[in-house]
Amino acid sequence: MPEISQLSLLLDHLNSWSLYASPLSPPVTLTLILFAALTSALSAAVGVGGGTLLIIVMAQVMPVGALIPVQGLGGLKQHYSRYQC
């Protein structure tokens, strides 16, 4: 399990990443990234449900107008990497 200092360093790095800064706080951004990986694994294992679960969680912390574009870009990347040779 990562140490607290490693997580603190990662959060500091996310906070200083101003070029691609998220309007969400670094802990929320990191949580969404980890949750996206978890729901992606759920979709890979079960075949359904990961995207729906992720959009439900994102709706709790993101503006409504950003939900579908962010979900769509994530899905596009996932599908592209699946069919890449």
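The model is predicted, so to speak of local features we need pLDDT of at least 70, while side-chain atom pairs count only at pLDDT 80 or more, and totals for chains, interfaces and linings use all residues. Residues are numbered from 1 along each chain as its sequence is written, and side-chain values use heavy atoms, leaving out hydrogens and water.

Let's begin with the core. In soluble globular proteins, nonpolar side chains tend to be buried together. Here, the largest nonpolar core has five residues: Leu32, Leu54, Met58, Met62 and Leu67. A nonpolar core is a set of buried Ala, Val, Leu, Ile, Met, Phe, Trp, Tyr and Cys residues joined through side-chain atoms within 4.5 Å; buried means under 20% relative accessible area, exposed over 50%, and partly exposed in between (1.4 Å probe, protein chains only). Look at leucine 67: apart from neighbours within four places in sequence, it is in contact with Ile55, Met58, Ala59 and Met62, where contact means heavy atoms within 4.5 Å.

Now find threonine 39, in helix α2; a helix is a DSSP run (H or I, at least four residues), numbered from the N terminus. Is this residue buried or exposed? Threonine 39 counts as buried because its relative accessible area is 3%. A polar atom of its side chain lies 3.1 Å from the backbone oxygen of alanine 36. Setting aside neighbours within four places in sequence, threonine 39 is in contact with Gly50, Leu53 and Leu54. You have met Leu54 already, as one of the residues of the largest nonpolar core.

Definitions and conventions
Helix = DSSP H or I, 4+ residues; strand = E, 2+ residues; numbered from the N terminus. Polar contact = N/O pair within 3.5 Å; in protein donor to acceptor, adjacent residues only side chain to side chain.
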